[in-house]
Structure formats: structure tokens, C-alpha cells
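Thank you all for coming.

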Amino acid sequence: MIIAIASGKGGTGKTTVATSLVACLAGCDQSVAYVDCDVEAPNGHLFLHPSITSETETTRLVPQVDQNMCMHCEACVDSCHFNAIACLPKGTFVYEELCHSCGACALACPAGVITELPRPMGVIRVGNAGKASFVSGTLNVGVSVSTSVVHAAKSAVPKADWTLLDAPPGTSCPMIETVKGCDYVLLVAEPTPFGLHDLRLAIDVAKSMNLKCGVVVNRAQTEMAETRELCLCANVPILAEIPDDIAVAQAYSQGRLVIDAVPGLRQIFEGLALRLSDEIHPAGDTAGKLRSALAAKTDTMRPTLLNNLRSST
């Protein structure tokens, strides 16, 4: 199952949810892979503390025009949907910052004087975080087009029962590249006016791409009528609610997994994992394996829970 953890804005808790889910699933003997697709500011490694085994430079093709042979016919300009080429009396110029490496200009050139050359874009790091596989993409300083690095990070992930894609914030091209082709989009939202506005945008993007989605409310409060109404009207389920607890913020600021630092949160994320498996493949093998693992875990913990109960009474 490939799940993208996304949101309409930054700071809602995507990485908190993604890394906690990774740790929770790995603790239930599920094969899980984490992919940090927020290539402009990756921070999943601060919480998962991976051992990196390989680093690979990623590139993209950028057109180069042979000015001596160019006829300045503007065929390349007409073919470019991103206004990345300008044909002037003194030459035909390519603006790399606007180029999307689609290759249309090279195909359209009647003289065949456009050559596509690789340009360094970023670095893909692959390793392991305990029992989980870890992949992270980092965009090079000064590079403005991040979608190729996001694509490379997604391509580097090993096969697993659960693949969690930690998406960049917002609803622009990097987020769309991340959620493209996934089985489910888990939207992290906060019950504030800005949070609800951007959640609405993120839901619209997911539905426009025909992707199933659900919501995790972070910093949840008792009264969240507007949040519940928005999700109800959009026919999007709220799968979990993370309480508004200062201990969560303290754990995050210290680079600690919140499920280890805050009592009760592990159970919330285990319930979230079950809800996700039911949303995507309710009768699948992965859902069955997860239920069995959680049941065995509960049976193991029952004597301790009973002892705690007796000692408290």
C-alpha cells in the first residue's frame, strides 16, 4: 500500500504523523518504507535516525541550442508550454528555471540543433531506520524545480507492505508529483481557519486526481464543528485525532517520536493504521497481518495492564 501524507499548508504535522506511523507499523512486524518527498526541507531523518547506505546524484535533461546552426524559426518556442524558450534576433535562449524537461522542443526543432544535457538537481539517500527502509531526497541549493528529485526519491524506494510518502506542504507541483500514483492520501489538518481553508484545497486536489483520501486532525480540540462539517460535506472520513498536548510539541522539538514520548499516542496511531488498511484493502493480506500483529501485541501486554490496574486499586 502506497500512502501519501500531505496537507494544504506547512506546519500541520505531516512528518509527525508519517514518522510515527512508520515506527508503529515497524513495531507490528510490518514491512514499511518511509520516503521523505519534501526535498526542499527534508527532516524525517531527525526523528527516524537512519543509517544511510548509499547516496546518488539525480539529474534532469535540459535543452541546449546550437546557436551557430539554429534557424530561429521559433518552432521550439511554439512547442514549449512553460515559456522556457525565447527566440531573439541574436539567439535562442533556454531558461532552465522554467524548463520542465518534457523534451518537446528537441522533437519540434526541424534542424535538429537542440541537444538535451543532464543537469545536477539533488541527492537521493537510501538506508534503514531500524526495521524500516528509508529514502530521502534533497534538492541542490539554487535549484528551483523540485519535481524531478521527488520522482527520483519515489523511484528509489524498495518494495514493502506499506510505503509512506512524506509530501511537501501545499498543493503545487511537488505535492502533486508525490501523491501521483499512490493508493491513498492521508491529509493532516489543524482546526484553525487557515488550516480548514488549505484542507479544502488539498481535498479538491486529491479528488481531481481520483484519489481516495482521509483526514488526521492534529492539535484536535473538543469543539471542531467546522472541521467535522467540512469533512462530512466532502465525504472524507476523519481517521484519527491527535490531542492538542504541549508534550507533543516538546517531543517534536527534541527530535523524539511522539508515540514514544506521549502516553496514549501509540494506541491512536495503531488505530489509524487499522483504519487505513480498512480504507484501502479491508479484506487484503496486509490488513489481516496487521490485525493479527496488534492482537498478539495486546495479548502480550494484557498481564501488565492487569497488574497496573490492580496496583491502582
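This is a predicted model: local features need pLDDT of at least 70, side-chain atom pairs count only at pLDDT 80 or more; totals for chains, interfaces and linings use all residues.

The structure holds 4 cavities of 30 Å³ or more, where a cavity is a set of points, on a 1 Å grid over the protein atoms alone, at which a 1.4 Å probe fits but cannot get out, and where a volume is the space filled by probe spheres set on points that are joined across faces, edges and corners. Residues are numbered from 1 along each chain as its sequence is written, and side-chain values use heavy atoms, with hydrogens and water left out.

The largest cavity contains about 90 Å³ of space, and of the 14 residues that line it, those nearest its centre are Pro-63, Cys-80, Cys-99, Cys-102 and Cys-105; a lining residue has an atom within 4 Å of a point.

The largest pocket has a volume of about 350 Å³, a pocket being an open set with protein on both sides within 12 Å along at least five of seven lines. Its lining has 21 residues, with Gly-11, Thr-12, Gly-13, Thr-16 and Tyr-252 nearest the centre. Helix H1 (14-27), strand E10 (213-220) and helix H9 (246-253) are the elements that give two or more residues to this lining, and H9 gives the most, with 4; helices (H or I, at least four residues) and strands (E, at least two) are DSSP runs numbered from the N terminus.

How many disulfides does the structure hold? There are 0, taking a disulfide as a pair of cysteine sulfur atoms within 2.5 Å. For Cys-24, the closest cysteine sulfur, in Cys-28, is 4.8 Å away, which is too far for a bond, and for Cys-87 the closest, in Cys-70, is 5.8 Å away, again too far. Cys-24 is buried at 1% relative accessibility, and Cys-87 is buried at 17%, where buried means under 20% relative accessible area, exposed over 50%, and partly exposed in between, with a 1.4 Å probe and protein chains only.

Finally, Leu-98 lies in the loop between strand E5 (91-94) and helix H4 (104-108), and it is partly exposed at 40%.
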